[in-house]
Amino acid sequence: MKLTEHKYQLLLETLDQAQVSNLSEKFHRNITFHWGGRFGLLPAGKPAPFRQCVTDYSAAELTESVSVVMCYKNELMTKLLRTLTLILLRTPQHLLTEILLIDDASDVDSRGEIEEYCRALRIPIRILRNTVTMGIANARHYGIQEAVGEIVVILDSHMEVSELWLEPLLDTLSSKPGGVAVPAIHLINDADYEQRYRYNEPQYSWSMEFGFYHLRCHFGNTQR
């Protein structure tokens, strides 16, 4: 992973400000980083009290096969590979059947670079490339149809997971077969990868507007 980040850093150093601005607009996010000590993979665990709601889960009791589906278009390679790395390192291997990538007609075909990186880390990966852009909803639906796992997990291609990210979701689904489990999500600063520990749950409003909503979580004898 550090080799990929170093390669990306050297690439940025050859670009002028206009080229950086054009790439930032193309990728819809800040492509420059503060290359300091903080720019490493996020810590495996979470600080208290954010770990309290995941201390009772055991991967050994779970047997479902899981397909992780990620759709992307013109994603920054360093962010995509970081996401794949964390999924591999922090997901119980007996649960992870595959990581299915849907390339929604990116301008550059990066399948070779991704496959070479994943082969070195032995990540179980499949890549399907669309010839025309389907859009995020249709691309995810296509990924769900192509997935082989008993349970399909939809992830963005520019995120990082912590330890025990999967087990609580599977535990919830075990009590409600055929249901949908939605996690609480912490935000990450895209400039220095500082994590903001807040409970943010993706939701749709009654007017079908999507957004992240802050949750007030309680522990102890109350519902978690």
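Does Asn74 count as buried or exposed, and at what relative accessibility? At 12% relative accessibility, Asn74 counts as buried, where buried means under 20% relative accessible area, exposed means over 50%, and partly exposed lies in between (1.4 Å probe, protein chains only). Asn74 is found in the loop between strand 1 and helix 3, and its phi is positive, about 55°, although Asn74 is not a glycine. Most residues other than glycine have a negative phi.

This is a predicted model, in which local features need pLDDT of at least 70 and side-chain atom pairs count only at pLDDT 80 or more, while totals for chains, interfaces and linings use all residues. Residues are numbered from 1 along each chain as its sequence is written, and side-chain values use heavy atoms, with hydrogens and water left out.

The chain has six helices and seven strands. Both kinds of element are DSSP runs numbered from the N terminus: helices are H or I with at least four residues, and strands are E with at least two. Read from the N terminus on, the order of elements is α-α-β-α-β-α-β-α-β-α-β-β-β. Of the 224 residues in the chain, 41% are buried. Contact means heavy atoms within 4.5 Å; among contacts between residues at least 6 apart in sequence, 71% join residues at least 24 apart.

Four strands form an open sheet in the order 3-2-1-4, with parallel pairing; two strands pair if DSSP finds at least two bridges between them. Strand 3 (125-129) and strand 4 (151-155) are the edge strands, each pairing on one side only. From one strand to the next, the twist averages 20°. This angle, like the others below, runs from 0 to 180 degrees between N-to-C directions, and axes are lines fitted to C-alpha atoms, for helices over the stretch in contact. Strands of a sheet pair through backbone hydrogen bonds, either parallel or antiparallel.

Strand 1 (residues 66-72) has pairings with strand 2 and strand 4 that can be followed from Val66. Strand 1 and strand 2 run parallel and are joined by seven bridges, with Val66 opposite Leu96 in strand 2. Strand 1 and strand 4 also pair in the parallel sense, over five bridges, and the bridge partner of Val66 in strand 4 is Ile151. Helix 3 (residues 77-89) packs on the sheet and touches strand 1, strand 2 (96-103), strand 3 and strand 4; the direction of helix 3 makes about 170° with that of strand 1. Strand 2 is mostly covered, as seven of its eight residues are buried.

Helix 3 also has a helical neighbour. Two packed helices are described by the angle between their axes and the distance between the axes. Helix 3 and helix 4 (residues 111-121) pack at an angle of about 25°, with their axes 11 Å apart. Helix 3 is therefore roughly parallel to helix 4, since angles under 35 degrees count as roughly parallel, over 145 as roughly antiparallel, 65 to 115 as roughly perpendicular and the rest as oblique. On helix 3, the contact is made by Met77, Leu80, Leu81, Leu84, Thr85 and Leu88; on helix 4, by Glu113, Ile114, Tyr117, Cys118 and Leu121. By class, this contact has nine nonpolar, one polar and one charged residues. Here Ala, Val, Leu, Ile, Met, Phe, Trp, Tyr, Cys and Pro count as nonpolar, Asp, Glu, Lys and Arg as charged, and the others, Gly among them, as polar.

Phi of Leu164 is near 60°, a positive value in a residue other than glycine, and Leu164 is partly exposed, with a relative accessible area of 22%. In helix 6 (residues 167-175), Glu167, Pro168, Leu169, Leu170 and Leu173 are buried. Strand 1 and strand 4 are among the elements that cover the buried residues of helix 6.

Ala184 lies in the loop between helix 6 and strand 5 and is partly exposed at a relative accessible area of 32%. Ala184 and Trp165 are 19 residues apart in sequence and 10.0 Å apart in space, C-alpha to C-alpha. Strand 5 (residues 185-188) contains Ile188, which is partly exposed at 27%. Ile188 and Met159 are 29 residues apart in sequence, and their C-alpha atoms are 8.1 Å apart in space.
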